[in-house]
Amino acid sequence: MGKALIIGAGGVSNVVVHKCCQNPDVFEEICIASRTIEKCEAMKNTLEGSRTKIHTAQLDADDTDMVIDLIMSFRPDIVINVALPYQDLSIMDACLATGVHYVDTANYEPPETPKFEYKWQWAYKERFEKAGITALLGSGFDPGVTGVFCAYAQKHYFDEIHSIDIVDANAGDHGYPFATNFNPEINIREITANGRYFKKGEWIETDPLSIKKVYDFPEIGPKNIYLLYHEELESLAVNIKGVKQIRFWMTFSDNYLNHLRVLENVGMTSISPIAYEGQEIIPLQFLKAMLPDPSSLGARTKGKTNIGCIIQGIKDGKPKTYYVYNVCVHEECYEEVGSQAISYTTGVPAMIGAMLLLKGIWKKPGVFNVEEFDPDPFMEALNKYGLPWKEDFSPTLLD
Ligand code: NDP
């Protein structure tokens with residue numbers, strides 16, 4: 001059916017590449033392009049014999065002209081951006097210049113400011129409309145599946161949605177005293193930022209990790225959860241009409257938070273450059289270089305993730321509650337594709353978003369978040385491609 005250019009060769013890319021190759025009727029040819037070509041070639045080698053034809057290329061995706069040249073020579077139908085959020089705009093510019101569809105899993109963040117927002121990418125809407133191409137933003141798990149869950153709830157179960165709590169638990173253990181499950185720089189920037197949630201049309205800001213509760217997760221058990229700001233809150237506040245409150249919660253162990261606190265206190269999580277022996281270094285980037293590579297955690301991580309949405313609202317004039325979630329087992333993900341569940345839960349939806357676009361099911365000129373499309377084909381594909389979901393109509397609620 002089509003050709004996909006996959007940019008990035010980290011943990012998430014590894015899953016996208018495996019999933020595209022499990023779906024060769026849709027992804028007939030792929031090109032894995034990243035900064036370090038050896039990582040692209042290593043991936044290609046693990047998939048020898050696949051019916052999907054695999055190419056590789058060295059690419060600096062910060063360089064729009066280089067992305068344009070690669071698109072012109074490979075001629076993909078779609079670009080799947082699973083590099084870092086810093087590359088979103090340069091890749092979108094290249095898609096516009098060449099008339100190719102675009103999918104990503106994280107919104108743009110300027111390298112010098114830890115402030116991820118959709119405004120930069122939403123500003124491309126008219127240009128994508130005029131070019132007749134689709135940009136699908138945030139087709140990972142959160143953002144991604146969480147937005148599809150909300151759209152599904154809205155379509156099938158509610159007349160009005162009043163509150164959404166997104167609850168994200170990772171009960172996996174990799175055996176290291178401290179490591180992050182995806183890119184450490186992006187992960188730590190997210191967690192050390194102020195918390196924020198949406199209430200009655202306003203954004204309420206909180207100190208980092210200052211709101212804590214305990215939630216008893218199905219198949220995992222009780223865990224400490226902390227209120228964080230997460231990027232899908234911004235688009236859901238716009239796209240789920242009438243919603244009054246949206247919050248995002250993530251689990252962290254005491255051990256993880258103790259390490260993070262110490263690293264913060266000594267300045268290791270700072271993104272301001274410092275002079276060191278005649279060189280300028282950014283402490284957080286130096287820390288990233290010392291921490292385990294997230295793509296190396298797969299073989300060691302045991303346990304489950306559970307990510308879902310607890311939704312409250314009204315149906316036929318009566319109060320209604322709904323919880324929809326996916327449970328993923330780290331070891332099973334590793335056995336299937338050689339990555340842990342955090343990469344798996346992001347890479348599978350990226351492939352599904354690209355597939356729905358290629359099939360023309362989610363194709364519409366412009367720039368869209370996942371919840372703006374019909375959720376049903378995506379929900380069906382989640383069950384088929386490794387992320388089955390469960391429903392509970394009387395869940396424990398968060399006050
Ligand atoms: P990794 O750090 O493992 O991989 C990132 C890859 O991008 C690396 O291969 C890196 O190259 C490559 N890269 C970085 N800069 C460039 C560049 N300028 N040009 C070309 N390639 C580049 O990250 P993950 O795989 O863990 O995450 C990938 C993306 O997924 C991130 O944007 C992350 O925020 C997002 N994500 C989304 C989630 C969701 O649920 N929506 C959850 C988890 C992650 P090199 O190998 O040389 O370093």
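User: Hi! Is Lys 155 buried, partly exposed or exposed?

Analyst: Hello! This is a predicted model, and in it Lys 155 counts as partly exposed because its relative accessibility is 44%. The cut-offs here are under 20% for buried and over 50% for exposed, so 44% falls in between.

User: Thanks. Which residue does Lys 155 form a salt bridge with?

Analyst: The partner is Asp 374, and the closest N and O atoms are 2.9 Å apart. With a relative accessibility of 37%, Asp 374 counts as partly exposed.

User: And which parts does that pair tie together?

Analyst: Lys 155 sits in helix 7 (residues 145-156), while Asp 374 is in the loop between strand 17 (366-369) and helix 14 (375-384), so the bridge ties together parts that lie 219 residues apart in sequence.

User: Nice. How many salt bridges does the structure hold?

Analyst: There are 14 salt bridges. One of them pairs Lys 315 with Asp 159, where the closest N and O atoms are 3.5 Å apart. Lys 315 belongs to strand 15 (residues 304-315) and Asp 159 to the loop between helix 7 and strand 7 (160-170), so this pair ties together parts 156 residues apart in sequence.

User: How accessible are those two, Lys 315 and Asp 159?

Analyst: Lys 315 has 27% relative accessibility and counts as partly exposed. Asp 159 has a relative accessible area of 48% and is partly exposed.

User: What about Lys 390, which side chain does it meet in a salt bridge?

Analyst: That would be Glu 219, at 2.5 Å from N to O. Lys 390 lies in strand 18 (residues 389-392) and Glu 219 in the loop between strand 10 (212-217) and strand 11 (221-228), so parts 171 residues apart in sequence are tied together. The relative accessible area is 40% for Lys 390 and 40% for Glu 219.

User: Let's switch to the inside. In the largest nonpolar core, which residues touch the most other members?

Analyst: Phe 27, Ile 30, Ile 80 and Ile 352 do, in a core of 90 residues. Helix 13 (residues 341-358) supplies the largest share of this core, with 11 residues.

User: What does Ile 80 touch, leaving out residues up to four places away in sequence?

Analyst: Its contacts include Ala 4, Leu 5, Ile 6, Ile 7, Val 16 and Cys 20. Phe 27, Val 103, Ala 350 and Ala 354 are also among the residues that Ile 80 touches.

User: What other core lies apart from that one?

Analyst: There is another core of 29 residues, and its members include Cys 95, Tyr 102, Tyr 108 and Val 367.

User: Now Thr 269. Where does it lie, and is it buried or exposed?

Analyst: Thr 269 is in the loop between helix 10 (254-265) and strand 13 (274-276). At 14% relative accessibility, Thr 269 counts as buried.

User: Which residues does Thr 269 touch, again not counting those up to four places away in sequence?

Analyst: Thr 269 touches Ile 188, Leu 260, Leu 263, Glu 264, Leu 284 and Leu 287. Gly 353, by comparison, is 33 Å from Thr 269, C-alpha to C-alpha, and 84 residues away in sequence.

User: Last one! How many residues of helix 9 are buried?

Analyst: Seven of its eight residues are buried, so helix 9 (residues 232-239) is mostly covered. The buried ones are Glu 232, Leu 233, Glu 234, Ser 235, Leu 236, Ala 237 and Asn 239.

Key: Residues numbered from 1 in each chain as written. Predicted model: local features only at pLDDT ≥ 70, side-chain atom pairs only at ≥ 80, totals over all residues. Heavy atoms only, no water. Core = buried A, V, L, I, M, F, W, Y, C linked by side-chain atoms within 4.5 Å. Buried < 20%, exposed > 50% of the residue type's maximum accessible area, 1.4 Å probe, protein only. Helix = DSSP H or I, 4+ residues; strand = E, 2+ residues; numbered from the N terminus. Contact = heavy atoms within 4.5 Å. Salt bridge = Lys/Arg side-chain N within 4 Å of Asp/Glu carboxyl O.
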